[in-house]
Amino acid sequence: MSLWKGTRAWVDLHSEEVTYETVSEHEARRWGGMKGLAMPVLLEHLESSTEPLGPDNVFVLAAGLLNGVAFPGVCRYGAYARSPLTGGFGESEAGGYFGPGMKNQGIEAIVVTGRADRPVYLWVEEGAVEIRDAAALWGSENAQVQQGLRDSHGEVTVVSIGPAGEKCVRYACIINDLHHANGRTGMGAVMGCKNLKAVACPAPKPEPPAKPELFKACHESFRDWKENPLAWGLHENGTSAGVMALNLGGILPTRNFSEGVFDGAKAIDGKTMTERLLKDRIGCFACSVRCKRVVEGGAYDVDARYGGPEYETLGAFGSLCGVDDLDALCKAHERCNALGLDTISTGAGIAWAMECVEQGILTSEETGLDGFGDTRGMLAAIERIAARSAFGRVLADGVRSASQAVGKGSDRFAMHVKGQELPMHDPRGKVALSLAYGAAAAGADHMQFPHDSMFKQEGFPLETMKCLGVNDPFDPLTFDNEKLRGVASMWRYWTLFNHLGGCFFVFAPRSHFRASRLPQLVEAAMGWETSLYELLAMADRGLAAAKMLNRRLGIGPEEDRIPHRLTEAIPEGPSAGRRVDRAEFETALETLNTLMGWDSEGQPTEETLLRLGLEEYSLVDSGRCGGDGKAE
């Protein structure tokens, strides 16, 4: 059987009807999977009047193009809709087992419309999607949901929402098999507003590749990954080792990005976690890197079923909140996975509230927090956010909304772009990252392209990017044109993985499998003779389509800006004095738009639409704009 199944299922929760359409292999070569399966649907069905938490929002779960074959790092799938957090394009990708599981059952994507009049879940098996009753699961935390579905169906892979999604917390996430999160942009809230508790299917088995000998050769080229320090480090300590690395560089987000060095960094670093609390290392479908942590015990009796914290979680609840209690951070991770909360947005919201208390804008009585370093207050805030109780009701809508509600100048330190809270990476030490935050259609996102600090000297990351025309080291602190040309190339390259289903922790430059070998892997899996040129065009379409969708939804270029705090100097430490110059940032953003084939407002030009075959989605041609050419 071909790896391309070609079936997109449409589930109308209101009428409880399921229909199916065939997506041709021709379309697969144009768009790929994941984001490529979602973008044409969203462009066709979303309007500026579509309420993100209304029944007309369209929710898409889509497998990666290469999901299913037994190769490391090609297990990622995506969730897409209009974001309740930003109001624009919502996307969130995750690894684990669900994407390969759905693919095993002959389904490339599930499009969910309408709202069920009762709690339901979807069961996917043998090419069919069934709507089933979930009354017994509603109100449950994610571990209980998974166990309930295993009791009913046996060995399964599950994507589910917790109580936070049911309460429509605007950054509620989706949890896959308790360990993996579609964390950003509030896709869990979209499921919750539709009364959709979970989607499940039988656990995956490997799919045969189209060209076994070539597939074997691709495996051979990854065989010595343990000799690559970047890849092996992910196995040893996961992403959590980033705490000390960024602290030593003076750019560890600390006390709501007001500082870059945290005195308690060593106490919460990944190596400390490995020594004190690590129970096991786990991974995703068919992956040998096994970068995921499992922790248990400690002062808060952490539940090992939920795995362990990544770097982003340690940063968001640790240095960002001024908390150096590793046991508490592991508990924060557990509770967020159980309740279905994005750890980045949750921690960032709590850090903002802590600063409001420090600044005298809010009181401890109002917030339940005593300022930075309040460990127990932080843990209690997680529960309140998920329940939308007390001050958690304010934080549940995100820091942009919270700062607007509180006022009193609190927006000065509401750290977000387009309404999405900043990840735990400070662009003041790697300024191209500020472009990723500003230009990304989904808001602040550190996974748009490789961070420029990776390329400040010769080495494996730069060597493997030379096939993309990135030939010389970057100065992490400047926006020169050569660097911006490299950024544009690598933006397309990294976006490609959100079409193929690839993981940055297997593929170069962050890990070991070289960019130049990617066409051979696609050929081995799919049987297509292809090239980087054809594959990067998939990514180009996805990026352009997302910008077009944002404009249709009312997200204009005025939202492609970074928080004011990033333009202020880091006060002390190895990066003291560093900042992002706003004028330089805006000039660099204009240059990047040009390099991407977009106009000064970040919209694809007519030439770009023609080159990518997207002219049918033009705002003007679709009649979805006013006479002045602007989106209504």
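Visitor: What makes strand S9 and strand S12 a pair?

Guide: Two strands pair if DSSP finds at least two bridges between them, and strand S9 (residues 156-160) and strand S12 (residues 196-202) are joined by five bridges, in the antiparallel sense. The strands themselves are DSSP runs (E, at least two residues, while helices are H or I, at least four), numbered from the N terminus. This is a predicted model, in which local features need pLDDT of at least 70 and side-chain atom pairs count only at pLDDT 80 or more, while totals for chains, interfaces and linings use all residues. Residues are numbered from 1 along each chain as its sequence is written, and side-chain values use heavy atoms, with hydrogens and water left out.

Visitor: What is the order of the strands in the open sheet that holds S9 and S12?

Guide: The order is S8-S7-S12-S9-S10-S11, with mixed pairing. Strand S8 (128-133) and strand S11 (180-182) are the edge strands, as each pairs on one side only. Neighbouring strands here are turned by 20° against each other on average, direction ignored.

Visitor: Which strands does helix H4 lie across?

Guide: Helix H4 (residues 142-153) lies across strand S7 (120-125), S8, S9, strand S10 (174-176) and S12, where contact means heavy atoms within 4.5 Å. H4 runs at about 145° to S9, an angle taken between N-to-C directions on a scale from 0 to 180 degrees, with axes fitted to C-alpha atoms, for helices over the stretch in contact.

Visitor: Why is one side of S2 and of S5 left without a neighbour in the sheet?

Guide: In the open sheet ordered S2-S1-S6-S3-S4-S5, strand S2 (17-22) and strand S5 (89-94) stand at the edges with a single partner strand each, so one side of each has no neighbour in the sheet. Within this sheet, strand S1 (residues 7-12) and strand S6 (residues 109-113) pair in the parallel sense over five bridges, and Arg8 stands opposite Ala109 in S6.

Visitor: How are the residues classed where helix H14 meets helix H16?

Guide: The axes of helix H14 (residues 343-358) and helix H16 (residues 375-387) come within 10 Å and cross at roughly 120°. The contact is made by Thr346, Ile350 and Met354 of H14 and Met378, Ala381, Ile382 and Ile385 of H16. These divide into six nonpolar, one polar and no charged, since Ala, Val, Leu, Ile, Met, Phe, Trp, Tyr, Cys and Pro count as nonpolar, Asp, Glu, Lys and Arg as charged, and the others, Gly among them, as polar.
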